[in-house]
Each structure stands twice: as C-alpha cells, then as structure tokens.
Amino acid sequence: MSRSITLGQYMPGESLIHQLNPRVKILALLMMLAVMFIVQTFYALIFLLLFAVLLLASSGVPFSYFLRGIRPILYIALFALVIYFFFTRGGVVLLRIGFITVESDGVREGLFVVTRLVALVLYSLLLTLTTTPLSLTHGMGYFLKPLKYIGLPTDEVAMIMSIALRFIPTLMEESQRLMRAQLSRGADFESGSIFRKAKSLVPLIVPLFISAFRRADELALAMEARGFRLGARRTRLHEDIIAPRDWAVLVFVAATLAAALVLNI
Amino acid sequence: MFIGTEKLSHIYMPGTPYATKALEEVSFSLDRGDFALLIGPSGSGKSTLIQHLNGLLKPSGGKVIFEDRELGSDSVDLLALRKRIGLVFQMAEEHFFSETVYDEVAFAPRNLGLDEVKVEQNVKLALERVGLEWEVVHDRHPFQLSSGQKRLVALAAVLSLQPEVLILDEPTAGLDPGGRLHLFALLKSLNQQAGLTVLVCTHHMDEVADLADSVLVLNRGKVIMSGPAHDIFARRQEFNKLGLSLPEVTEVMHCLAAAGLPARTDIYSLEQARAEINSLKRRLEK
Ligand SMILES: Nc1ncnc2c1ncn2[C@@H]1O[C@H](COP(=O)(O)OP(=O)(O)O)[C@@H](O)[C@H]1O
Ligand SMILES: [Mg+2]
C-alpha cells in the first residue's frame, strides 16, 4: 500500500510531462533556472512565467496543487517586496508619507524579484509534482555519476536512497496502524506532561524498530538471493532510455529559452 | 441493537487522487451474546469496518451504534468505549513492546488507571482465560514464546480490559491447525461461558463456521449477504464466485450430494460430518 501515503508531492498522471525521462526533466529544469537568473528584463521574465503556466496546464495537475506549493514562499515574497519598496532608492518618488518614501526603482526591482521567485518555484513544482521520488533519485543519481571518479560510491548511495524512499511510506503506514492498535489497548498519546508523552511513545517505537530491522534483514537476504553484490554493475528493468520525444522536448525547451534570451536584449 | 452500523461509509484520504472508498453504506447489527463472522476477500473492507466499531476510524458517512447511542456524539468517551469493546488486531503479537508477558498483558488495565493489585488480578484472569499458565509464562519474554502462545498473549492483552465485546481481525492468520483449533475453542467458551459478544473477521472458515450465529459477507466495501449462518452458508455458489470457500467438510458433503447420495449439506464441522456420514452409511445399508 505504498500509494496510501505519498512522499513528496507526486501527483500521478498521464501527461507528456509525466512520461518524460527524469534526466531530461532535471536537465530542462537546470537550464530554466540558469536562464531565469540571466534575464534582466520584464518581458523575458513574463515570457518565462507564461511558459511555466502553459506547462502547468499541460501537466494536468490541478492548479490548486501549484497554489498550495507556492503558499510557503508567500511570506518570503511579501518580505522581499516590503524591503525593496521602502529601501531601494532611485527613479521618481511614487509615495511619500512622513519619512517613508517609495520610489519607482524599488517597485520595479521588488516586483521583478518576486516574479522570478514565483517562476522558479513553479518550475521546481512542475518537476516534483510530475515525477515519482524514485525516478527523481534515479535521475539525480545520473548527474552525480562523475563524483564516482573522485571515489564516491554514487551507485550505492542511489540504491540506499531509493530503498529508503520505498520504505518510508510503508513505515509511516505501519506506525499509524500501530498507533491504532495501541489505542485500542487504551493507550493515550496526547495528554500528560512532556515526560509522560515521551514515555507513551515506547509502545510505538519498540515494535516499529523491531519490524524495521526484520524488514531490513529480509530485504538484504532477498537482494542477495537475487544476485545483488556491492560494486557490481546493474541493469534496470525499466531501461533509462532517452526517447525521441525526450529529445524533442529538450530542443523545444532550448528554443524557448533562446527566445527568452532574445527578449532580454 | 447492541452494536452495529447504519449506512456506514468510509473513504480513505478523501479529496486526494488517492481517495479509496473502503466501505459503502454498510449496515448490520449484533445482539448481546452473538457470535458473528465477518467474511470477505482481502481488500473488501473488513479491517476498516471493525476499526470503526471502537472509534479508531471516523465514518465518512453514516453512523456506528453501540447500545442505541451513536458513536462520535460527544457523550461517548473513547477510552470507556475501548474498555468495553476489545479489538484484537491482525498479527497483534507484532505490536508487543514489553519485556515480560506480565507487562504486555498489564498494559491495557494500567492505561485504564487501575491500581496494581487490580491490574494483577486482571492479568491473572486474562492469562487463565486464554489457557496460559501464570507460573510458566508471566515473567517470560514475549518473544521467547511459540507463535501460537504469542497469539494467545495478544488475545490476553485485550481480554485484560475485561471487554463485553471481543472483535478479532483474522485471529488465525499464520497459525498451525492445532493453534487454530485451540483458538476457536477458546472463542467459543468466551462466548458461551463468559458471555462475550464475539465478532471474527476471517476468510478461512474451516473451524469457525459452526460456531457462528450470524454472518456478514462483504465484497468491495458493500454488504452482499447477511443473516443467520445456516442461511448464508446455503448460498455456496455465490461464495465460490467471490473466491471464498465454505469449510472443506461442507464442500465434501456437497460433492456427496452431487453424486446423488441423500446427504445433508448443512454440515460445517468435522464432528457433524462424521455423524452425518455414519448415518448415511446406515441408511444406505438398509
Ligand atoms: N490506511 C489506509 N489508507 C488507504 N487505503 C486503505 C488503508 N487501509 C485500507 N485501505 C484500502 O481500503 C480497502 C479495504 O481495506 P481493508 O479494510 O484492510 O480490507 P480487508 O481487511 O478486508 O482486507 C482496500 O482497498 C485497501 O487498499
Ligand atoms: Mg484486513
């Protein structure tokens, strides 16, 4: 029942963006972010923002999920706006109340920074909402590969990460079931002092640890029985193929970014 | 109605793309002292249903009723409710955390705030009721016991609440035939001698079928049959369609009947089958 509790924000779907190779998505995101930091004009920025909205719409993920993803940065955005409005000098004076003045350069730069922030977050959400944590790990593992040459065991780290990701939902579900099981034996996890509360967690933590260790043991055995060896080269069931459509999307993204750079002039 | 539900529905993770309708308008009722079976293929919502009965899950629709009062109305105190309605989870021995059997069984009465003298009385009684000897087990580590004994300790750990209703989720999963027989004999005596109302979830009906007064069959979250045990078990075809099977002896009797012998098919236990086959033999010899 790993689907019951989702880790991260993945929203299952069938769109083209969902089906892209995660490596391509990560690379495209990196390119986007780079261009985002290069552009200095509003035209280019608005263009990139509109492009993000277009991609969001084509992903089929309900818009509310993006709004929910943006909510945490609203305060940062607000804070940045205030700082820019009141403290950046230059241009014409738009407002003067006592010793507080708002000048046009501040407004311009404030809006620019906030728009850029929102666009950045939208592009990142687009990746995390349409890619399972597992494929994300695989994709990132690919980009970390060069580190192997300086002696880091990147394959093993990727394997550990994906196993951990695979089991987090399982353990979360198990802890909820345990909680209900102990509740039905009269356990109380809520009332009492901090000390009592900590003590009331023993009936959860002990069985959880026991089962986690048992699971780990069984998993190690099963993996070895199927021929897993440290340092051996592995192939994958779902081969990590860059399909023609992945190339097409990369070219499309690159063209769009080039257009943004032209608008930037 | 002693305990039951009215149009109970439950949706896991509502409002997300992962929403699962686990129960749909499930209604049933038990009277005090009943022995009932809850049957259904896995994933049919059995565990979800019974977790509503002591307030562990909240209905998405409909209500749960205990002693003519609706659960979830503020007047019902959950701890008091869980004391009266004991729920033994599936594989409950995996939830052990104590260093001695005594502490494990004492967890529930201690949570009720009883003093240690009373706790010890409850533990003694509970261990006695499941047929474990106090001297032998009370200071042993629960993990040193055999799997059958562990299951009995898990049962004792709920009986120590001294509940009036005992609900068990797949209590025989993973037990050997001896353990199964012992457990059901125990449930029978808890029901008949101690007067507990018993509800057992299972899809393995071999030893339990002839204990049941009433049966509720779930499939995909809906009640598809409910009523007195002998009426329900007569609908063998429907059972087989669901991938459930009647007790093996019942199947044997059906085969005899299908072969044209005048055998009764409402036979759910080995003893009944033996008696019926003997009488069949006598009748045929005449
Ligand atoms: N914690 C949960 N989160 C989400 N879905 C669940 C959860 N528990 C059970 N389900 C789903 O509810 C349905 C009924 O499950 P359950 O009550 O466990 O059935 P049973 O006990 O008959 O095997 C299944 O489809 C199952 O996948
Ligand atoms: Mg179940």
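**A:R185 and the contact between the chains**

Leaving aside its neighbours within four places in sequence, A:R185 is in contact with B:H95, B:F97, B:E104, B:F107, B:A108, B:N111, B:A157, B:V158 and B:L161, where contact means heavy atoms within 4.5 Å. This is a predicted model, in which local features need pLDDT of at least 70, side-chain atom pairs count only at pLDDT 80 or more, and totals for chains, interfaces and linings use all residues. Residues are numbered from 1 along each chain as its sequence is written, chains are lettered from A and ligands numbered from 1 in the order in which they are written, and side-chain values use heavy atoms, with hydrogens and water left out.

A:R185 lies in the loop between α7 and α8 (194-200) of chain A; helices (H or I, at least four residues) and strands (E, at least two) are DSSP runs, numbered from the N terminus. With a relative accessible area of 6%, A:R185 is buried. The scale is buried under 20% relative accessible area, exposed over 50% and partly exposed in between, with a 1.4 Å probe and protein chains only.

One of the partners of A:R185 is also its salt-bridge partner: B:E104 and A:R185 have their closest N and O atoms 2.8 Å apart. A salt bridge here is a side-chain nitrogen of Lys or Arg within 4 Å of a carboxyl oxygen of Asp or Glu. The count between chain A and chain B is one salt bridge. Four residue pairs, both at pLDDT 80 or more, are in polar contact across the interface. Such a contact is a pair of N or O atoms within 3.5 Å; within protein, one must be able to donate a hydrogen and the other to accept it, and residues adjacent in sequence count only if both atoms are side-chain atoms.

On the side of chain A that touches chain B, α7 (154-183) and α9 (202-225) each supply at least two residues. The residues of that side divide into 13 nonpolar, five polar and five charged. In this division Ala, Val, Leu, Ile, Met, Phe, Trp, Tyr, Cys and Pro count as nonpolar, Asp, Glu, Lys and Arg as charged, and the others, Gly among them, as polar.

The whole contact takes 23 residues from chain A and 26 residues from chain B. About 2000 Å² is buried between the two chains, and carbon and sulfur atoms give 61% of that area.

Beyond its neighbours within four places in sequence, A:I163 is in contact with A:L219 and A:M223.

In helix α9 of chain A, A:F209 and A:F213 lie four residues apart, about one turn of the helix. A:F213 is exposed, with a relative accessible area of 57%.

Note on methods
Buried area = accessible area lost by both parts, 1.4 Å probe.
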